[in-house]
Amino acid sequence: MQGPGIGWYVIVAAILFGTGALGVMLRRSPLIVLLSLELMLNAANLTLIAFARQQGSLDGQIFALAVMAVAAAEVAIGLGLIVAMARRGVALDVDQAQALKG
Amino acid sequence: MGDFLVWVVWFLAAGGCLATGVAVVSLTNPFYSALALIGNLAALAVFYLLLSAEFLAAAQVLVYAGSVMVMFLFVVAYLGGRADAPWAGGPPLLRLAAIVAAAALLVEVVVVLGLAWGDDLRGAAEITDTFGSPGSIGELFLTDHLLAFEITSIVLLVAAVGGVVLGTTPEKKDEEAG
Amino acid sequence: MAAGAWVCLLAPLAGALGITFAGERISRRTAGWISTLTTFVAFGGGLVAFFATWAADPEEREKVSTAYTWLAAGDFEVGLQVLVDPLSTVMMLVVSGVGGLIVWYSMGYMAGDEEERRYFAYMSLFVFSMLLLVESANFLLLLVGWGLVGLASYLLIGFWHQRPEAVAAAKKAFVMNAIGDATFALALVLLVWETGALDYLGVFEDVGALSSTIVNLVALGLLGGAVAKSAQVPLHTWLPDAMEGPTPVSALIHAATMVTAGVYLLVRTHPIFEAAVDVQQLAAVLGVVTLIAAGLIALVQWDIKRVIAYSTMSQIGYMFMAAGLGAYGFAIFHLMTHAFFKALLFMAAGVVIHHLAGEQDIRRMGGLREALPRTHVAFLVGTLALVGIPPLAGFWSKDAAISSALETGGALGWTLYVAALAGVALTGAYAFRLYYAVFHGPAHERTPEPHGPEAAHEAGHGEGPLSMLVPVGILTVLSAVGGLVSIPGVWHPFTHWVGESAEAVVEPSTAQDYFTSALSVALGLTGLYLARRAFAADRQLVTSPSAWQVLEHKLYVDELYDALFYGPAAAVSDVLRRDVEVPVIERSMDEIGSGTIQAGGGVARAQSGLLRTYAIAIAFAVCVLVVVFVAVR
């Protein structure tokens, strides 16, 4: 294979994953949280595909495709939730959604 | 020369990827965040091409960037001012914990990689020309991974139904209830 | 033979169960009829068993019939077994016969009571339990019957459960019986351990092989049970209190049958006692001590039923003496005649009480000779039988028992002999004191309000309905002629019959018998004379005030037990409650509860509801998991 070895791709994916995690943990707007979540999913995808290339097996790519499909579904629902929240006048702030407080 | 070119492309893509990633997380305007994510997806598509995953690169751009992100942008436009996302505070302890957690994850991955760099990550396997082509992916989906294929379609169906349910207007519901 | 015994045993049980399950669907009178008839059916079964046993050869007279084996472990087998032999047939007849008469009597006596059905169910339960006791072929079933009669006694003493005195008396009876039950059970444990068997035949065969310590312990345990059940010193304090129950209950349980179970036990297990002679003699000594003490206390009692209760205690002392000396036949003989005249006395007293609307204090009675002529005759016959005036029943049996002491001889024999004769004088005194106080002298003005436990009954019934008079009449006849089955020197069918099951160790000669009889008649008449003189002079027999006080407090035994047992126990439990139960146990329970709530509250704080906190928690968890997975790999 030409170019950097698999390890480099994995490190990039790891940094991307960490960034996304920080976004999920630190932002208050649910939209941004969703976007950060997408970032994490993509990082995982990158890892999968990198290892698929390294093993020479297409299973990783299949997995990544399934992940993509699931991510799409999840975004649809998440956005639906956000729209529903907005329509009911709930402020778009994850810290305000405390109904699970036990 | 070819190798050198690959390296250059790789670094450009990596730089774009990481920069847009940081942008997604840190911008206050969700519209710009979404646009940054689209950029991120494009950089990732370049990575996929470098890794001989041509079909996936195309799918990434068409599906992810082309439809999912468009959906996102629609919603951001619909929400308008309500979607503004300033950097509000949280307890300092929370922020510290979050940074520590993310850093720990990163460190762990690097350490694991370091441990394994020598043996398992040496070199890549030999591949044929059809590796990553739509044909081979399709063949796998319909033979070895048929179950995954079918279940994914069900997941999408459920998401569609969920979307419809979530989309019912509050006024109608109140009328039915009262 | 066995069929009769089974019918005898199970008929009253059927009656009890029938009344219980029929509940309110049958009338109260029907319940009474069911109880009475099943008891008489039992008597019929007993007769069948008796005649069948009589008709069989002497060697064949011991038959064990097993319904089913309950427990079989190796060589050890115990189950629902009845033993049909001369002794058990006699007991069956006495229990079911006298029991039947008393149940019939209580149909009239308890008429109108709200809970008649419960009463008759309990009575049938009692008859069944007593029959189980006397018919069982092994110790385990004996213990079952033993416990059940204690239960029935408790239920019947406390029958009028609205009265706190009755409830207290029932508890007292049960607890004191439980002490005896405990020693009894311990004796059985020893028996099983040492002989590996619990059926009579098996145990009695092996008695000789046991060490003397074991045999003495077993005998002591059995004696403890007998003493408690028969209300002998030192476990006698429950019997006078048991008079809180209805009069027929006193007649049946506390005169004729349950209290005689101890005597039956001594006779039935005589091989064990013969191997532990010291304990057997202890039984005789206890009997005589009780005899004297009870006779003395009876001299100062004002309650008609309590006088008769102490008389019962005293007469059972005679039986214990006889059984303790080895004169088993005479012990059972006196048991039978005592059942007749004591039940008669109680029932006649019941008629008096009924007539006076619940009055039981003899100071408020008098001159009832004209008002209750037939009861008067019955009471007189019963009293004469009790004192032992010929030719009535008590004469034959009591003197036979006393002369066994004469035959035994030695220091023990002579002491017992003298004491027993003194007891005869006491008997005459207290019995006739009672008789004169109730039936002679001026009629006492009736207080307008009847009181006492049986005040629910209406006054002025006259002598009572037929159901009360006929049993009294039958028992009068039996008290008169029932003793004629054993005339010294002439014929001894009764004692020979019982002797087949329990061979007498000591047999007084005819001369000794007649000598004793002469003495005892003289002494009995002396007692009568003393009582009459005291009555005519309108004073009591016990004149010294200090003596009166001691006797009135029943020799202070109750107070002694209170100080020895109840006081310390109550103090210990108070201390335990104050210092252990409340601060430690209750508090720790509370602490566990509140601690759990607090812990829960603490944990609940982790459920902040904040999405971000959860996300951080997940991130940390993933970090840890990565380390774990890598380490494992």
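**Loops, helices and chain contacts in a predicted model**

Pro234(C) lies in the loop of chain C that runs between helix H8 (212-229) and helix H9 (238-241). The structure described here is a predicted model, and in it the peptide bond leading from Val233(C) to Pro234(C) is cis, with omega near 5 degrees. The loop between H8 and H9 of chain C also holds Ala231(C), a residue that has a positive phi of about 55 degrees although it is not a glycine. Most residues other than glycine have a negative phi, and most peptide bonds are trans.

Ser52(B) belongs to the loop between helix H2 (30-50) and helix H3 (54-79) of chain B. With 22 C-beta neighbours inside 10 Å, Ser52(B) counts as buried.

Among the contacts in chain C with a separation of 6 or more, 82% are accounted for by residues 24 or more positions apart. Chain B, in turn, has seven helices and zero strands, so that from the N terminus on its elements run α-α-α-α-α-α-α. Of the 178 residues of chain B, 25% count as buried, and 54% of the contacts between residues at least 6 apart in sequence join residues at least 24 apart.

An example of a pair separated in sequence is given by Leu47(C) and Ser96(C), which are 49 residues apart along the chain and 9.9 Å apart in space, taken from C-alpha to C-alpha. Leu47(C) is placed in helix H2 (residues 28-55) of chain C. This leucine, Leu47(C), has 17 C-beta neighbours inside 10 Å and therefore counts as partly exposed.

In chain A, helix H1 (residues 6-26) has 21 residues and reaches 30 Å from its first C-alpha to its last, which is close to the 30 Å expected at 1.5 Å a residue. H1(A) is mostly covered, in that 18 of its 21 residues are buried.

Two packed helices are described by the angle between their axes and the distance between the axes. For helix H2 (residues 30-55) and helix H3 (residues 59-87) of chain A, the axes come within 9 Å and cross at roughly 175 degrees. Because an angle over 145 degrees falls in that class, H2(A) is roughly antiparallel to H3(A). The residues that make this contact include Leu34(A), Leu41(A), Leu48(A) and Phe51(A) on the side of H2(A), and Phe63(A), Val67(A), Ala71(A) and Ile82(A) on the side of H3(A). By class, the residues of the contact of H2(A) with H3(A) divide into 16 nonpolar, four polar and two charged.

H2(A) also packs against a helix of another chain, namely helix H1 (residues 2-26) of chain B, at an angle of about 155 degrees and with the axes 9 Å apart. H2(A) and H1(B) are therefore roughly antiparallel to each other, and their crossing is left-handed. Leu35(A), Ser36(A) and Leu39(A) of H2(A) make this contact with Gly21(B), Val24(B) and Val25(B) of H1(B). The contact of H2(A) with H1(B) has four nonpolar, two polar and no charged residues.

Taken over the whole of both chains, 63 residues of chain A are in contact with 73 residues of chain B. H1, H2 and H3 of chain A each supply at least two residues of the side that touches chain B, and the largest share of that side, 21 residues, comes from H3(A). The side of chain A that touches chain B has 42 nonpolar, 15 polar and six charged residues. The contact between chain C and chain B takes 10 residues from each of these two chains. On the side of chain C that touches chain B, the residues divide into eight nonpolar, one polar and one charged.

Terms used:
Residues numbered from 1 in each chain as written. Chains lettered and ligands numbered in written order. Predicted model: local features only at pLDDT ≥ 70, side-chain atom pairs only at ≥ 80, totals over all residues. Axes fitted to C-alpha atoms, helices over the stretch in contact; angles between N-to-C directions. Helix = DSSP H or I, 4+ residues; strand = E, 2+ residues; numbered from the N terminus. Parallel < 35°, antiparallel > 145°, perpendicular 65-115°, else oblique. Contact = placed C-beta atoms within 7 Å. Nonpolar A, V, L, I, M, F, W, Y, C, P; charged D, E, K, R; others polar. Expected span 1.5 Å × (residues − 1). Buried ≥ 20, exposed ≤ 12 C-beta atoms within 10 Å, placed from the backbone. Left-handed = near helix turned anticlockwise from the far one by under 90°.
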